[in-house]
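Let's take a walk through this structure together. Have the sequence and the 3D view ready, and we will go from the whole chain to some of its details.

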Amino acid sequence: MAAKTLIRFIMNSPIFLMYRINKTIREFCRAGFISTAISEGIYDVLSKGPASCEDIQKAIGADFNQEGLEAWLDLGVSLGELAKSREGYSIKSAFSKELLIPANDAWKAFFQARVEIFHDYIIKTPAYLKGKKQFEFNQSYGELFARSSRTVEPFLIDIVDRNIPQSGACNLLEVGCGSGIYIKRACDRNPDLTVTGIELQKEVADFARENAIIWQLGNRVDIQNIDVRNYKCEKPYNIISFYNLIYYFPVNERIDILRHIGSLLQPGGQLLLTTLCPENEPSIQLMNLWSSMTKGCGPLPSPDQVCDQLKAAGFDKIQVEKLMPGFFLFTATISNGK
Ligand SMILES: C[S@@+](CC[C@H](N)C(=O)[O-])C[C@H]1O[C@@H](n2cnc3c(N)ncnc32)[C@H](O)[C@@H]1O
């Protein structure tokens with residue numbers, strides 16, 4: 001190209017806008033590439049060492065279009081996520097490598113959930129609104145959500161440690177128990193504790209039950225695959241935990257749900273409820289978008305709304321604690337029982 005043409009092109013182009021577009025598209029491609037490399041098993045292959053295109057094709061069972069796979073892998077090279085050498089493709093970036101460290105599993109799931117689930121909500125919500133549609137509550141994402149909600153684990157572990165007595169018979173009901181990790185913490189703390197964990201999604205309930213067996217808690221922990229709305233108990237509980245769940249219910253059903261939960265507590269029993277609340281921060285606004293646009297769920301509540309609804313459901317001694325911006329703990333008791 002003649003230097004004159006290049007100069008004219010530069011002079012007539014919105015350079016700063018082009019730079020911003022390039023930077024944004026790069027990060028957009030990076031997010032999609034890494035998340036897909038994880039979910040399609042390509043990073044599983046590459047984490048064992050360099051692999052050729054044929055090796056990857058064989059390992060993931062996709063042998064019909066080598067050019068397509070090569071183009072996809074070369075995109076990863078251009079993004080700086082992969083390296084390409086005579087031995088084949090390998091993982092290059094510190095970001096990709098860090099996501100694959102087993103101790104970072106919750107952040108890996110957090111990242112994947114944003115790319116695989118929430119991205120759809122960003123690009124489809126206005127069209128869905130025009131078509132009066134909502135997203136299905138997709139049960140296949142249950143395990144990803146259960147794993148990604150462990151990103152707030154340090155806060156919840158601290159709540160368990162502050163509220164589960166260290167000794168003495170005590171029964172705990174954990175609603176929407178996810179992976180069951182907080183049940184484990186509570187059992188580790190008190191050898192006399194017995195726990196019922198209830199979980200709506202079968203796949204997640206199975207995951208929690210398997211975990212309870214691995215943790216050798218099978219004799220103290222009962223995991224049930226049931227909707228809390230249909231759950232009844234013979235003996236009311238001393239403590240009920242309701243972590244990160246309130247937005248799985250429409251706003252106008254929340255008082256009834258809380259009243260039902262109150263009916264499962266002994267007089268003087270304690271409810272521990274945590275929830276995200278709206279905050280001007282993209283990752284919290286994404287959760288708010290997800291819960292507002294998913295069938296059967298509802299927007300993140302404000303702290304005042306949770307307090308009002310607890311009160312309306314018959315709870316008292318309601319206390320609120322801000323754990324971090326946009327994340328709150330509510331404790332409350334039922335003085336009079338049912
Ligand atoms: C965001 S996850 C939180 C998991 C766990 N409590 C935590 O904090 O890590 C919410 C969980 O509640 C479960 N859930 C939603 N609605 C429920 C219902 N009506 N009854 C029982 N579990 C429910 C979901 O399947 C999901 O696993």
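Of the 338 residues in the chain, 32% count as buried. Keep in mind that you are looking at a predicted model. Along the principal axes, the C-alpha atoms fill a box of roughly 85 × 45 × 35 Å. As you trace the chain, you will come across 14 helices and nine strands. Now think about who touches whom: among contacts in the chain with a separation of 6 or more, 68% are between residues 24 or more positions apart.

Next, zoom in on two of the helices. Helix α4 covers residues 53-60 and helix α5 covers residues 66-78. They pack at an angle of about 110 degrees, and their axes are 10 Å apart. Angles of 65 to 115 degrees count as roughly perpendicular, so that is how α4 and α5 lie to each other. Where do they meet? On the α4 side you will find C53, I56 and Q57, and on the α5 side Q66, L69, E70 and L73. Sorted by class, the residues of this contact are four nonpolar, two polar and one charged.

Finally, turn to the ligand. How many residues surround the ligand? There are 21, and the closest are S149, G176, G178, L200 and Y243. Two elements each give two or more residues to this shell: α8 (142-148) and β4 (193-199). The largest share, three residues, comes from α8. By class, the shell around the ligand has 11 nonpolar, six polar and four charged residues.

Notes
Residues are numbered from 1 along each chain as its sequence is written. This is a predicted model: local features need pLDDT of at least 70, side-chain atom pairs count only at pLDDT 80 or more; totals for chains, interfaces and linings use all residues. A residue is near a molecule or strand if its C-beta atom, placed from the backbone, lies within 6 Å of it. Helices (H or I, at least four residues) and strands (E, at least two) are DSSP runs, numbered from the N terminus. Ala, Val, Leu, Ile, Met, Phe, Trp, Tyr, Cys and Pro count as nonpolar, Asp, Glu, Lys and Arg as charged, and the others, Gly among them, as polar. Axes are lines fitted to C-alpha atoms, for helices over the stretch in contact, and angles run from 0 to 180 degrees between N-to-C directions. Angles under 35 degrees count as roughly parallel, over 145 as roughly antiparallel, 65 to 115 as roughly perpendicular and the rest as oblique. Two residues are in contact if their C-beta atoms, placed from the backbone, lie within 7 Å. A residue is buried if 20 or more other C-beta atoms lie within 10 Å of its own, exposed if 12 or fewer, and partly exposed in between; C-beta atoms are placed from the backbone.
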